[in-house]
Amino acid sequence: MPELERMLTRLGRELEYPPTPDLARRVAGRVRAGAAATPPEGRSRARRRILPPASLRRALVLALVALLLLAGTVFAAVPGVRDAVLEFFGIQGATVERRAQLPEPPELRPLDLGGRVTLSEAAAELDFTPLVPAALGDPDAVYVRRELPGGELSLAYRPRPGLPAARTTRLALLASEFRGDLHPDLVGKLAGPGTRIEQLQVGGRPAIWIEGAQHFFFYRGPDGNLIESELRLAQNVLLIERGRVLVRLEGAFDRGRALEIAHSLAPSPGE
Amino acid sequence: MHQTIAFRTAWVITGSAADAEEAAQDAFVKAHAALPRFRTGAPFRPWLLTIVANEARNRIKAAGRRERLALRVAEERRPGGAVPSPEAALLVSEQREELLAALGRLSHADREAIACRYFLELSEAETAAALGCARGTVKSRLSRALDRLRSQMEAGDA
């Protein structure tokens, strides 16, 4: 780069910029209040036509907030991820970003799912009713993480005929549940160009299917930033919104089997 | 973060933090409404910056004025152990002042191009989006702006 251009770049980094206002909160407020749905006189017909249906709109509000707040944080936190977001998907409790480049995969390590409990103990501790996939019966192990407001439930199912172990969890199914309405962007997925990401509906509720190629799963800390120690490789994943709860199903299963499991989710017996 | 780059791009165009905030807010509301039409696989930032720049320009048109972009060097925060000698510090400081003064004598269009590409460090595609021109014309526009900046610096030395 010629000297003058280098000087300008250096100067740009030393300049005093006006502080960036909290756009995310203000924009989310405006969108939620329906600012986009009430344009100035004379333009209302054209604007209304492009508005998506309410359920999609809600997902998009969350996607937008996450875009504003979070895009770039992963980028800053993970060396090697330097691309802009190519695609973005949002659901209550989780976001999915497609990027041209992904970070180096971390080593597989034991999952930290919290304390082991029984299903009825979990139901008493959690701020929501646990959902159990009836298609697979009772889980082999139940864990609760209490640090999260509302709690987080994990149901572990060992491999069985027709349901092999996922290489990432060594389980046939890992189902995680938490209050998506309290933590709109708690979990994130980072996917590369080869990963299939599909937005769908499960029982009339928004869901996202993520399959194939290498992709990552992580939790965000209270500041919205990725917690690096929580970054791990994930296998096929179905994210489903069930009322206030976000359910995450991970396994080596295909889309059909994942949907079958999702459709069988029901409040745990005795609830 | 996108909100920072969106706000600063609007600030470079409008010259006003208040106008930039309104323009960026409006742009994000519009981007939200248009998100379903965002072309899958397309880079996100140029798309967003096109909307931001349009909003910023609409604001200038509506107001019938454009505030002069106030470029100032931030209070210096030198990392420990990297304190330059007084002579070197003076030289760097003089260069900065000279550069800022020369930039101040450029047209708004030239300053805008330089600010987007070098200060905000936008890519060529993002600079084109912010300037509202074709990607192919970014290089020539920047090259002319840099030539004029050099001339201004030489005139300042004379």
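Where is Arg170(A) found? Arg170(A) is found in the loop between β6 and β7 of chain A. I'll come back to that residue.

Some ground rules. This is a predicted model, where local features need pLDDT of at least 70, side-chain atom pairs count only at pLDDT 80 or more, and totals for chains, interfaces and linings use all residues. Residues are numbered from 1 along each chain as its sequence is written, and chains are lettered from A and ligands numbered from 1 in the order in which they are written.

Elements next. Helices (H or I, at least four residues) and strands (E, at least two) are DSSP runs, numbered from the N terminus. Chain A has 7 helices and 15 strands. Chain B has 7 helices and 0 strands. Its elements, from the N terminus on, run α-α-α-α-α-α-α.

Burial. A residue is buried if 20 or more other C-beta atoms lie within 10 Å of its own, exposed if 12 or fewer, and partly exposed in between, with C-beta atoms placed from the backbone. In chain A, 41% of the 271 residues count as buried. In chain B, buried residues make up 41% of the 158 residues.

Contacts. Two residues are in contact if their C-beta atoms, placed from the backbone, lie within 7 Å. Take contacts between residues at least 6 apart in sequence. In chain A, 62% of these join residues at least 24 apart. In chain B, the figure is 68%.

Now the sheet in chain A. Two strands pair if DSSP finds at least two bridges between them. There is an open sheet of 8 strands, with antiparallel pairing. The order is β3-β5-β6-β7-β14-β13-β10-β9 (chain A). Its edge strands are β3 (115–117) and β9 (196–202) of chain A, each pairing on one side only. On average, neighbouring strands are turned by 20 degrees against each other, direction ignored. For all angles here, axes are lines fitted to C-alpha atoms, for helices over the stretch in contact, and angles run from 0 to 180 degrees between N-to-C directions.

A helix sits on this sheet. Helix α7 (residues 255–263) of chain A packs on the sheet and touches β7 (173–179), β9, β10, β13 and β14 (245–251) of chain A. The direction of α7 makes about 30 degrees with that of β13(A). Strand β13 (residues 236–242) of chain A pairs with strand β10 (residues 205–211) of chain A in the antiparallel sense, over 4 bridges. There, Ala207(A) stands opposite Ile240(A) in β13(A).

Look at β7(A). How many of its residues are buried? 7 of the 7 are, so β7(A) is largely enclosed by the rest of the structure. In a regular strand the side chains alternate between the two faces of the sheet. Both faces of β7(A) are covered. One side has Leu173(A), Ala175(A), Glu177(A) and Arg179(A), and the other has Leu174(A), Ser176(A) and Phe178(A), all buried.

β7(A) has two antiparallel pairings to show. Strand β6 (residues 152–157) of chain A pairs with β7(A) over 6 bridges. β14(A) also pairs with β7(A) over 6 bridges. Follow Glu177(A). Glu177(A) is the bridge partner of Leu153(A). In β14(A), the bridge partner of Glu177(A) is Val247(A).

Back to Arg170(A). Its phi is near 60 degrees, a positive value in a residue other than glycine. Most residues other than glycine have a negative phi. Arg170(A) is partly exposed, with 14 other C-beta atoms within 10 Å. Glu121(B) is found in the loop between α5 and α6 (124–131) of chain B. Glu121(B) is partly exposed, with 14 other C-beta atoms within 10 Å.

Last, the helix contact between chains. Helix α1 (residues 3–14) of chain A and helix α5 (residues 108–119) of chain B have axes that come within 8 Å and cross at roughly 80 degrees. From α1(A), the contact uses Glu5(A), Leu8(A), Thr9(A) and Gly12(A). From α5(B), Ile114(B), Tyr118(B) and Phe119(B) take part.
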